[in-house]
Amino acid sequence: MTPAEKEAYANADDTRIMLYTLELMHPQFTQPLRIVADNDPLTAEIETGDTVEFTPFFFSIKRPPISEEPDPSLQITVDNVSGFMTPYLDIASRSGDSIQVVFRPYLVDEGDDRITRLSSIKLAIRNASATMTSVTLTAAHINPANLPFPKENYTSDRFPGLS
């Protein structure tokens with residue numbers, strides 16, 4: 001935690017708490033995996049206007065160092081003692097598609113049960129590793145330099161005149 005964050009938390013209203021959530025999405029998942037860093041489930045609205053439930057799960061995020069690197073990445077460590085995440089990672093590893101993760105902070109006012117969604121960040125998982133007790137994900141912004149241009153794939157199957 002940075003000194004500015006420590007000061008902000010020390011001076012914050014004690015009836016309002018910050019809850020951090022992650023939503024992991026993959027084409028092979030039957031539904032997105034949604035977790036909240038808390039002891040209780042969280043029911044909250046996402047960007048689409050849908051109200052969803054986040055499962056309580058411990059996770060931590062290690063921010064990228066301040067540098068001039070064009071493509072910084074961060075590390076997300078999720079508790080996996082129960083093995084809850086292992087089937088999701090197995091499904092994703094057998095596919096050629098990457099996992100997308102959305103980080104959403106929510107401000108919860110315990111005085112009137114009001115939940116405010118703050119700015120979300122959408123990232124792509126670049127690497128994942130698992131141990132018996134945790135899963136570590138390396139995530140970064142989707143770098144436009146790594147996207148195909150043009151978005152059309154000119155193959156001889158689609159365009160026979162190329163062969």
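Which residue forms a salt bridge with Glu47, the closest N and O atoms being 3.9 Å apart? The residue is Arg117, and the points below place this pair in its surroundings, bearing in mind that the model is a predicted one.

1. Overall make-up. The protein chain has two helices and 10 strands, and, read from the N terminus on, its elements follow the order α-β-β-β-β-β-β-α-β-β-β-β. Its C-alpha atoms fill a box of roughly 70 × 35 × 35 Å when this is taken along the principal axes. Of the 163 residues, 28% count as buried, and the accessible surface comes to about 11,000 Å², with 52% of that belonging to carbon and sulfur atoms. Among contacts between residues at least 6 apart in sequence, 50% join residues at least 24 apart.

2. The salt bridge from the opening question. Arg117 and Glu47 form a salt bridge, with 3.9 Å between the closest N and O atoms. Because Arg117 lies in strand S8 (residues 114-117) while Glu47 lies in the loop between S3 and S4, the pair ties together parts that are 70 residues apart in sequence. Arg117 counts as partly exposed, since its relative accessibility is 32%, and Glu47 is likewise described as partly exposed, with a relative accessible area of 37%.

3. The structure holds five salt bridges. In one of them, the side chains of Glu23 and Arg104 meet at 2.6 Å, N to O, and this pair links distant parts of the chain, with Glu23 in strand S1 (residues 16-25) and Arg104 in strand S7 (residues 100-109), 81 residues apart. Glu23 is buried, its relative accessible area being 3%, and Arg104 is buried with a relative accessible area of 3%. The side chain of Arg104 also meets that of Glu47 in a salt bridge of 2.8 Å, N to O, which joins strand S7 to the loop between strand S3 (42-45) and S4 across 57 residues. A student tracing these links will find Glu23, Arg34, Glu47, Arg104 and Arg117 connected in a network of salt bridges.

4. Aromatic pairs. The structure holds five aromatic pairs. In the pair of Phe57 and Phe84, the ring centres are 5.2 Å apart and the planes stand at 40 degrees, so the pair is tilted. Phe57 lies in the loop between strand S4 (51-56) and strand S5 (59-62) and Phe84 in the loop between S6 and H2, so the pair ties together parts that are 27 residues apart in sequence. Phe57 counts as buried at 13% relative accessibility, whereas Phe84 counts as partly exposed at 31%. Phe29, Phe57, Phe84 and Tyr88 form one aromatic cluster.

5. A buried loop residue. Asn80 is placed in the loop between strand S6 (73-79) and helix H2 (86-93), and it counts as buried because its relative accessibility is 3%, under the 20% cut-off. The side chain of Asn80 reaches the backbone nitrogen of Met85 at 3.1 Å. Leaving aside residues up to four places away in sequence, Asn80 touches Met85, Thr86, Met132, Thr133, Ser134 and Val135.

6. The segment after S10. Tyr154 is found in the segment after strand S10 (134-140) and counts as exposed, at 53% relative accessibility. Together with Phe159 and Leu162, Tyr154 makes a nonpolar surface patch of about 320 Å². Thr155 is also placed in the segment after S10, and it counts as partly exposed at 34% relative accessibility.

Notes
Residues are numbered from 1 along each chain as its sequence is written. This is a predicted model: local features need pLDDT of at least 70, side-chain atom pairs count only at pLDDT 80 or more; totals for chains, interfaces and linings use all residues. Side-chain values use heavy atoms; hydrogens and water are left out. Patches are made of residues with over 30% relative accessible area and no salt bridge: like charges are joined within 9 Å, nonpolar side chains (Val, Leu, Ile, Met, Phe, Trp, Tyr) within 5 Å. Accessible areas come from the Shrake-Rupley method with a 1.4 Å probe; for residues, only the protein chains shown count as cover. A salt bridge is a side-chain nitrogen of Lys or Arg within 4 Å of a carboxyl oxygen of Asp or Glu. Helices (H or I, at least four residues) and strands (E, at least two) are DSSP runs, numbered from the N terminus. Buried means under 20% relative accessible area, exposed over 50%, partly exposed in between (1.4 Å probe, protein chains only). A polar contact is a pair of N or O atoms within 3.5 Å; within protein, one must be able to donate a hydrogen and the other to accept it, and residues adjacent in sequence count only if both atoms are side-chain atoms. Contact means heavy atoms within 4.5 Å. Rings of Phe, Tyr and Trp (its six-membered ring) pair if their centres lie within 6.5 Å; planes under 30 degrees apart count as stacked, over 60 as edge-to-face and the rest as tilted.
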